[in-house]
Every structure is written in C-alpha cells, then in structure tokens.
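User: I would like to learn how to read the main features of a model like this one, step by step. Could you take me through them?

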Amino acid sequence: MSDVIRTTGLVKRYGRQNALDGLDLAVGAGDIHGFLGPNGAGKSTTIRILLGLARASGGTAAVFGRDPWRDAVALHRRLAYVPGDVNVWPNLSGGESIDVLARLRGADTRSAAYRTERERLEHVFAFDPRKKGRAYSKGNRQKVALIAAFSVPAELYILDEPTSGLDPLMEVVFRREVTRVKDAGATVLLSSHILSEVEQLCDRVSIIRAGKVVEAGTLADLRHLTRTEVSFDAAGTTADGIAEAHDVSVADGRVRFTVDSDAVASVLPELATRRVTGLRIEPPSLEELFLRHYGDDLTAGSTR
Amino acid sequence: MITLLRQRLRRDLWQFVIWIGGTAVLAAFTVSAVNGSYGTETDRVNLLATAAANPVIMLFRGLPSGADLGAFTGFLILPFLAMMAAFMSSFMAVRHTRADEDAGRTELVAATPAGRVAPLVATIVHGLIANALLAMLVAVAFLACGLPATGSLVAGLGSGALGFFAYGVGLIGAQVFASGRSANAFGVWVMLVAYLVAGLGNALGTPSADLQRIQSAPLAWFSPYGWIENARPWADDNLWPVALCALVAAGLAAASVALQSVRDLGESLLPERRARATAGAALSSSTGLVWALTWPAILGWAIGGFVSGLLATSLSSVLSQAATQLPSVEQLLAALTQGGSLAVGAIVIFFTLVGVLAACCGVQIVGRARQEEAHGTVEALLATPVGRVRWLADYVAIATIGAAATVGGAIVGAAAGLAGQSAPDWSLFGDAVVVGAGQFVAALVFIVVTALVLTVLPRATLAVGWTLVGLATVVGLFGPLYRLPDWIVHLAPIAAAPTVTGSGTDVQGLWWLVAAVLIGGAASLALMRRRELAGDG
C-alpha cells in the first residue's frame, strides 16, 4: 500500500507499434528505484505516462495513488523531474530557467532557504547561471534541470537518464544529492543504462525490455539469479575435479569458472588445497544480469 | 566542397520547389490576370493614372513605365516576385550558416577536412544556384505567357539579383548575430525596410504629364528594390541597375567570407552579454514565461503597426498636395472617390495591412508554442504544476495581446500622423479606430484557428497557420485587383472585418468573426485537455 508508483499491465501503442506491452512497476516509498533498460525499451515512455504527458493505451498507472493523466497538476506539486535530454529556453539565462521552474513548482525564489540552496547547488555542480540557454553545452543544460529539481524539496524525484553528458566528477556530486534527498525521506525513480550508477545508488531495480519488466527486486535478490566468477593463475593448477564449477575455461594464462552464488564458500577449501595464486572472486555485476537479458540481442546483432 | 553543395541542394529540394515554383506561378498568374482584367490598353492607362495619383498604391506596387502589357505586368508584380526571392534567400542563407552553427552541426562539418570557410563558400554557391534558377523560371514563365523575351529576361534577372542581395544580407546577419532566430529577423527587417524605402521613393517620384510613367525620387536609389524596378523590364530593359544589385550582393557575400575567416566558430560579431543570474519578478508564472519568450517579437510587430498607421494618415496629406498641383490628378480623384474620400481609402488599405501584421504576430506566437513542444522545453514545464490547457491558454492570451499591441501601435501611428499635419481631420482617427478594431477581431480568428490546429494536428501547426495568413492576404488584399468574386474575397477574415465606407461604418461579417473566435477558442482548449504531448517530427 506504501507504493508511490504502481503500474499494472501498462500498454502504450504508437500506431501499430507497442512501446509498452504490459508493464508492471512498483516503487516503494523512500526507495531509490533503478529503472534499467537499453535505448528504446520503453523507459521514457513509462516516465511520460507517469508524468501525464502521454496517456496509457491500456492498463493502469498510479502515482501517490492518483491517475497521472487526470490529476497531473496536483501530482506535479509533489514531484520533480529531470529529463534525459534537457532543452532550455535559448533566450533565458540558465539562472532564469532554474528560477522559472522552481517558481512554477511553488517555491518562493526570494526566500533565504531557496537562495542558499540554489547557490550551494550551483557551487557543487560548478555551474555558471549567467549564460544564455543556447550557449550551454549538453552537460550544462543537464545541470540546469538537476539544480532546478534539487533546489526545491519534493516527495518524488523522477530522473530520466539524469547524468547523460555529465563528467565523472559531476556524477559523484549527483549521487551525493540523490542520497541527500533519500535521507530526507523522498522517493526516487532513476532511469538509467549506466549500471555502476544504479549499482551504487539503488535499493531496488526493475529491468525493462521491449516494454515489459523482465526482472525486479533488490540487488541481492537479482545477484542470486546469477553466478559468481572465480579465476586464478593457470601456472601448475587446473579446475579439474571441482564439482561446483561451471563453464570452465583457460585463457590468457588464467583459469576461469563460475559457481552458483550460494556455493562460493564450499569451493574455497578445494582452492586452498591446490594453493592457487592470483585468486579473484567476482560477485555478479549488474552488467552480467543485464547481459543475460540482452545478450541474445547482442549476438543476434553481430550475426546480422 | 562539391559534397557540401550537394548536401545543401538535397536538403533544400522542397524549398526550391515551393519558393521558386511559387514565384514562377505567381508571375504567370499575374499575366493571365492582367489579360483578363485589364485586357485593353485603355483599362491599363486608366489604372496607371490612378496609381500615379495615389501614393498608397505606389507604395505597394512597382514603378509605372508605360501601359503596354509587359510594362504594366512589371509594375504590378515585379516587387512581389523580388520579395519572394528575398524571403526565400535570406531564410536559406541563415539556415545553412547560423542556424546550423547554433544547432552544432557546423562544428561537425568544420572538424572534417572541409574546414571553417569551405561550408560558407558552398552556401554562397548554393544561393547563386537558387537565385539563378529562380531568375530562369520567372523569365520562362513570362515568356510562356507571350511577353517579349528581353523584358522577361530582365524581370527574371532582376528578381534573382534581388534574391541574391537578400541572400547576402542573410549571410551578414548570420555573422553578426549569435542565433539563427536573430539572424532571420535581421534579414526580414532589412528587406522590409528596403521595400518600404523603394516604395516611398516611387510614391514621392515625379509622374510624367500623361501619368503613365514615374521618375523615382532619389530615395528609391537607396534600396535594391529601387534598383531592379528602375531596370524597367519591357520598357527600357535597362540591365545596369540589375548588375549593380548583383555586384553589391557579391560584395556582401565576400564580406561574410572575410568575417567568417577571422572569427571563432560559435562566436558572433555582437557578443552575447552576461545574462542575469536570477529571474525577474515577471517570470513568476507560466504566462510570464511566454511573455519573456515572445516580447521582442511583439515589439517588432507593434513597430510595424506603428509605421503602417503613420503612413496611413500622413500620406493622405501628400495626396491632397498632388491633387492641387496636377489638374489631371484632381479630375481622377473626383472620379474615383464616389462619396468616400481617398484619405479614408488609404486608411482602409493600410489598416487591412495592419490586420495582416497582427495575424502574423498571433500566428507566430501560437506557432512558438508548437516549437517549444517540438523542441522539448515544454516537457520540463508540464512536469511542474502547469496543466496542458493552461499552457495553451497562455500562448493564446499572449498572442491576443500581441495582436492588440500591433493594432494599438497602428492607431497610435495614425494619431501621430494626424498630429503632424497643419490642419488634421480628426474624423480620420475615428475611422482608423473602427477599422483597426475590426482587423483585431480578424487577427483573433487566425490565432484560434492556429491553436485549434495545434491541438488536432500539432505537426502541421506552423505550415497551416502561415499558409492561411498568406492565402488570406493574397485573397483579401489583392483579390479585388484580380477581380475575384466577392464571396471568395470575404472568406478572408481581413476582408470580412468591419470597415468604413463613404456612407459610414459597414459591420460586414463581424458577428461571424466573433463567433468563429469564441467557438475556435473554446474548442482548442477543450481538445487540449484530451491531447498528449507530441514530440518533434
């Protein structure tokens, strides 16, 4: 009942094409929820429906328990949005654009609280607000949207690939701000295809593919679904006779195999008796999870 | 270089077809209209005499050079053909220079071995080709209608040369201003002012005794329109003013190359000033935002309105002077005016033009809503507590204010024109207010129709809006000249608006217009409630 966002069987058709094909998404209150998928999987379409910018062709969507299409204005008072491809008004300065968006969300831009917060954000994001919109680079346009979103408190932050165009230093700043709003009790829906970002920030993850959520859960849940990779120097030893080992291979002077994530501890004694060197045990990354769901696309693409 | 040129030609294929084809069709259409409406020499002699006596007509037409079919056609249409070429060219020049640079595409090309200057040179060659094609097709159109070959060629070359001049203006604008929008505005304003200067030069010129030919006042020679009109196709077939125009155009193009080769990519001669860091009080609602985005455009249209209003009343005094000096003019005026004075006629014509300006202003602002939608800025806006209906209503409201400002500017201009006279006839001011108010209502029709298209067929908004204004202008302003049936002329809101005649105020289709505005406005807002955002395309 505490879900901030809930969609069931969400369908969106553009002509004959199904952009969303029965999408079920649930984002709990106070969570940072990762929304993962490649370009064209339907992430932005889902977000546009959640914002009431597009209307679902089928299924239901609820934000704070209300219909995002009908109650768009009321809902927008409680949320902040950062689009993935930010366009700013070419003849307004960056500072003006930030203020306009903040005021429209109901902030008093002359209040000391807002002013200090905006200044702090401009400082940490190293942003110059005195240039005209058309003079900003992609990363700086992104900063306009980020500063506008984070400078006014909201209950829900919808971030659509928010770090595209940001440099790695700014990505660190971004992660700090997301953690800050989470600590203040906000819910965050973070759409991304940058796995490390999601891995570092998110409590729960939904992986979307071709308009459907194909995997959802906490990172620990998802890790459970895949295997841990074990590797060591091939000099003098092999993996022969380790019952739990799958997919054994020898390449580049190293022996590699995978084990089920809950069986890692049981192979350790065996490795110890063989006195292996250069041992590395790598927990499954989100990348592997991702590849598992999209890997066939990649191979299909390469054979074409 | 060849690749760059081919890319430009390919990108502009449809522009070529529409603009050049449209210009040639207009040329051919005029000849057939002249044949139909002014088939006899006497008809043409009479119309020329009227025109020579009436500075208002002179302002909007070419230079009279005689009453034979060719010279008369040149008088009627040459400046408009040239204006078509000018608009095509100046937009085209900016599209391939500053607009591309603004969008970051130039950077992509300049990083290849093509370098910084070659794309500009390709753009210049592109403009030469476009205008050469236009010159050729216009000449062919006239030839095909049976006009003499030399004159047809001179008329075609004149239009093309002026087009290339405007191309040069566009190129310079692209060097001076930092955005495609400003560069386009610069091109349009320069060419409009040039048009007006030539028109004034002709209006203030000296008519020959039989009123068939006018010697331009020196003022006309400050405008490229004045040059090509003084080529007088089918009368003198004078090529050197055309050559002068082409030469100056080439100079402008060369100057743009010189400027381009010394500046950094992305820089402009007029540097961007440091903008303010925080938003002013005006920017505290979505309506304020629309105002901030559009007020420079509104100011421009209001100035246009002011100038038109000023001319409407101040030219009438020039008119009465001409009447007292030339007995033949006086006779003509008496025959023409049948109850209504020529001064009132001038006000009606100019304020119809103001109606066109107000409609343009409105369509531009509603069109801006569509551009914001296609550009994606509206997404961030609608993710705040601003509803879709409110968003559209903001644009319609500001468009209404813009149209009101344009008409208001014209009324102020009319008052200023009267105040400058020794014995002003203030009843003319009343006429100006009545006609102006009527045209305001007509402009509202264009605003709501464009808003309606925005809700139903968003991608067609700009095309439909501007096409309707263009059609209404041609039909409403020039329909009577081409002797189109009244019912067609009155389909154009600007022609159906209330007007004044010799016997008082004629309400005409006012109530129809008001009904259209109310229904269209309500329908567009109601439909917006049900519409999704439609991205670019």
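User: Which domains does the domain assignment of chain A give?

Analyst: Please keep in mind that this is a predicted model. For chain A the assignment gives domain 1, covering 3–221, and domain 2, covering 227–283, and the C-alpha centres of these two domains of chain A lie 42 Å apart. Chain B is likewise divided, into domain 1 (1–263) and domain 2 (285–532), with 26 Å between the C-alpha centres of its two domains.

User: How many residues does the contact take from chain A and from chain B?

Analyst: The contact takes 35 residues from chain A and 29 residues from chain B. On the side of chain A that touches chain B, α2 (72–76) and α3 (94–104) of chain A each supply at least two residues, and α3(A) gives the most, with 7 residues. Sorted by class, that side of chain A has 17 nonpolar, 7 polar and 11 charged residues.

User: How should I read a sheet, and what is the strand order in the open sheet of chain A?

Analyst: In general, the strands of a sheet pair through backbone hydrogen bonds, and the pairing is either parallel or antiparallel. Here the open sheet of chain A has 6 strands in the order β5-β6-β7-β3-β8-β9, with mixed pairing. Because β5 (79–82) and β9 (212–218) of chain A stand at the edges with a single partner strand each, one side of each has no neighbour in the sheet. The twist from one strand to the next averages 15°. β5(A) and β6 (residues 156–160) of chain A run parallel and are joined by 4 bridges, and Leu79(A) stands opposite Leu156(A) in β6(A).

User: Which strands of the sheet does helix α5 of chain A touch?

Analyst: Helix α5 (residues 138–150) of chain A packs on the sheet by touching β5 and β6 of chain A, and its direction makes about 170° with that of β5(A). Helix α6 (residues 168–183) of chain A lies across β3 (32–36), β6 and β7 (187–192) of chain A, running at about 150° to β7(A).

User: How do I describe two packed helices, and at what angle do the axes of α9 and α10 of chain B cross?

Analyst: Two packed helices are described by the angle between their axes and the distance between the axes. The axes of α9 (residues 149–176) and α10 (residues 180–203) of chain B come within 8 Å and cross at roughly 140°, which means that α9(B) is oblique to α10(B). Their crossing is right-handed. Among the residues that meet are Gly170(B) and Gly173(B) from α9(B), and Phe186(B) and Val190(B) from α10(B); the residues of this contact divide into 7 nonpolar, 3 polar and no charged.

Key
Residues numbered from 1 in each chain as written. Chains lettered and ligands numbered in written order. Predicted model: local features only at pLDDT ≥ 70, side-chain atom pairs only at ≥ 80, totals over all residues. Contact = placed C-beta atoms within 7 Å. Nonpolar A, V, L, I, M, F, W, Y, C, P; charged D, E, K, R; others polar. Domains from an automatic or database assignment. Axes fitted to C-alpha atoms, helices over the stretch in contact; angles between N-to-C directions. Parallel < 35°, antiparallel > 145°, perpendicular 65-115°, else oblique. Left-handed = near helix turned anticlockwise from the far one by under 90°. Pairing = 2+ DSSP bridges.
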